[in-house]
Amino acid sequence: MDLLENRSNHQNIIKSADADTCVIGNQIYDSSIIIPFAGDVKPCNLSSTSKLNPTIIEQLCAYNPEVIVLATGSVIIFPETELLDPLVKLNIGLEVLHNQAAARTFNVLMAEDRKAVCLMLIHQN
């Protein structure tokens with residue numbers, strides 16, 4: 001199989017991410033954000049998976065994504081299962097990853113022109 005370099009022109013490609021920051025384009029984010037497959041990055045007043053609530057899940061589902069990438073900081077922390085019922089009903093996939101892996105996964109999905117949305121939890125010090 002041939003491997004070719006793929007350069008995506010999506011506006012929301014993540015340049016770098018860790019538990020404390022996320023860089024998209026020339027913008028550095030130091031608080032949690034929602035990164036859609038198209039459109040503007042939105043702030044999200046959420047600092048941990050334990051604070052995830054049905055309202056945030058509804059916001060993410062409103063993008064009509066194929067998959068939601070949940071970036072939980074420096075370690076993987078799964079949300080409460082009852083919060084995921086809307087995803088099952090709408091047939092939306094969920095990937096729970098630490099921030100660096102979530103950034104790589106989201107970028108691959110963007111390169112494949114997939115409808116994905118990323119909730120990047122940034123831990124504020």
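What you're looking at is a predicted model, with three helices and eight strands in its chain. The strands split into an open sheet of three and an open sheet of five. Here's a walk through the confidence, the overall build, both sheets and a few loop residues.

- Averaged over the chain, the pLDDT is 92, and 92% of the residues score at least 70.
- The stretch to watch is residues 1-5, where the pLDDT is below 50. Beyond near neighbours in sequence, residues 1-5 make zero contacts in the model.
- Where pLDDT is low, the predicted coordinates should not be read in detail.

**The overall build**

- Starting at the N terminus, the elements come in the order β-β-β-β-β-α-β-α-β-α-β.
- Along the principal axes, the C-alpha trace spans about 40 × 35 × 25 Å.
- Buried residues account for 42% of the 125 in the chain.
- Take the contacts with a separation of 6 or more: 68% of them are between residues 24 or more positions apart.

**The three-stranded sheet**

- This open sheet runs in the order β1-β2-β3, with antiparallel pairing.
- At its edges stand β1 (14-17) and β3 (27-29); each has a single partner strand, so one side of each lacks a neighbour in the sheet.
- On average, neighbouring strands here are turned by 15° against each other, ignoring direction.
- β1 and β2 make a hairpin, with four residues between them. Three bridges join this antiparallel pair, and A17 stands opposite C22 of β2.
- Strand β2 (residues 22-24) also pairs with β3, again in the antiparallel sense and over three bridges. Here I24 is opposite Q27 in β3.
- If you're following side chains along a strand, keep in mind that in a regular strand they alternate between the two faces of the sheet.

- Strand β4 (residues 33-36) runs antiparallel to β8, and four bridges join the two. Among the residues involved, I33 has M120 in β8 as its bridge partner.
- α1 packs on this sheet, where it touches β4, β6 and β8. The direction of α1 makes about 145° with that of β8.
- α3 packs on the sheet too, touching β4, β6, β7 and β8. For α3, the angle to the direction of β8 is about 165°.

**Loop residues worth a click**

- D113 has a phi near 55°, which is positive even though the residue isn't glycine. D113 counts as exposed because its relative accessibility is 59%, and exposed here means over 50%.
- N64 also has a phi near 55°, again a positive value in a residue other than glycine. You'll find N64 in the loop between α1 (54-61) and β6. At 54% relative accessibility, N64 is exposed.
- For background, most residues other than glycine have a negative phi.
- F78 lies in the loop between β6 (67-71) and α2 (85-89). Is F78 buried or exposed? With a relative accessible area of 61%, F78 is exposed.
- F78 still has contacts: leaving out residues up to four places away in sequence, F78 touches T49 and V96.
- F78 and H10 are 68 residues apart along the chain, and 28 Å separates their C-alpha atoms.

How values were computed:
Residues numbered from 1 in each chain as written. Predicted model: local features only at pLDDT ≥ 70, side-chain atom pairs only at ≥ 80, totals over all residues. Heavy atoms only, no water. pLDDT = per-residue confidence, 0-100. Contact = heavy atoms within 4.5 Å. Pairing = 2+ DSSP bridges. Axes fitted to C-alpha atoms, helices over the stretch in contact; angles between N-to-C directions. Buried < 20%, exposed > 50% of the residue type's maximum accessible area, 1.4 Å probe, protein only.
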